[in-house]
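Please read the points below against the coordinates.

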Amino acid sequence: MLIAGFPAGAWGTNCYVVAPAAGEECVIIDPGVDATQGVEDVLAKHRLKPVAVILSHGHVDHVASVLPVCGAHDVPAWLHPADRYMLSDPATAIGASVGSPLLAGLTVGEPDDLRELTDGETLALAGLEFGVAHAPGHTKGSVTYRLPESADIPSVFFSGDLLFAGSVGRTDLPGGDTAELYESLARVCLPLDDSTVVLSGHGPQTTIGRERATNPFLGKVAGGHGTGDDPAPRRGL
């Protein structure tokens, strides 16, 4: 298994390129602001051929490079339908005004081939199987992706902005909902094995076991107290 990740743009959004091995087909996850060159560098270094872009949610810091990446390689993108509007209206999605300096220089829109995700489906792409779980709370259309355990690696969980090392996604932007976020943590994260590797939308790699033991928000959920104010601290949009 080959997973190459790098933080892109001012928000440090993690973009991942996933393939069975070097020299094979690959999937790109969350090409955000200024991610295009980083994606091309990873593809060239490992001799990879993209077959798809898959998105954890529609915030601009995760989707800003979807158009150039999909266009350059003629590949489809997948996004949950609840976040589809964010591609054509990124300002409303983050509660910003049209012309906000946060969006200066960014061109966001729908790629030619945009496909909608369904909770519980499995995406068979590049010889890999990505299990999709709808996980609202950060946005209405947030999803996670999980690769099953194999002979050489534990299960890998791409958590988007649901779960971070030591924290969780913010819920104070349009479409955010703290109760939904805690429900998603309980339903999607808590059942995972402690050995599951967590690759999130921002910040460093962690494991479910480490977060179960040290993350105060996941601890609240595990203790049956998953309600309350907007979670903080927060990363990204």
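1. Asp30 has a relative accessibility of 2%, and because buried means under 20%, Asp30 counts as buried. The model is a predicted one. Asp30 is found in the loop that links β3 (25-29) to α1 (36-46). Its phi is near 55°, a positive value in a residue other than glycine.

2. A second case of positive phi is Asp34, where the angle is near 55°. Asp34 is found in the loop between β3 and α1. Is Asp34 buried or exposed? Asp34 has a relative accessible area of 63%, and is therefore exposed.

3. The largest nonpolar core of the model has 35 residues. Those with the most contacts inside this core are Phe6, Val17, Ile28, Leu48, Val53 and Val66. At least two core residues are supplied by each of β1 (2-8), β2 (13-19), β3, α1, α2 (60-63), α3 (66-73) and β5 (77-79). The largest share, four residues, comes from β1.

4. Which residues does Ile28 touch, leaving aside those up to four places away in sequence? The contacts of Ile28 are Cys15, Tyr16, Val17, Val39, Pro50, Ala52, Val53, Ile54 and Val69.

5. Another core, of 22 residues, lies apart from the largest one. Among its members are Ala52, Trp78, Leu128 and Val132. As general context, nonpolar side chains in soluble globular proteins tend to be buried together.

Key. Residues are numbered from 1 along each chain as its sequence is written. This is a predicted model: local features need pLDDT of at least 70, side-chain atom pairs count only at pLDDT 80 or more; totals for chains, interfaces and linings use all residues. Side-chain values use heavy atoms; hydrogens and water are left out. Buried means under 20% relative accessible area, exposed over 50%, partly exposed in between (1.4 Å probe, protein chains only). A nonpolar core is a set of buried Ala, Val, Leu, Ile, Met, Phe, Trp, Tyr and Cys residues joined through side-chain atoms within 4.5 Å. Contact means heavy atoms within 4.5 Å.
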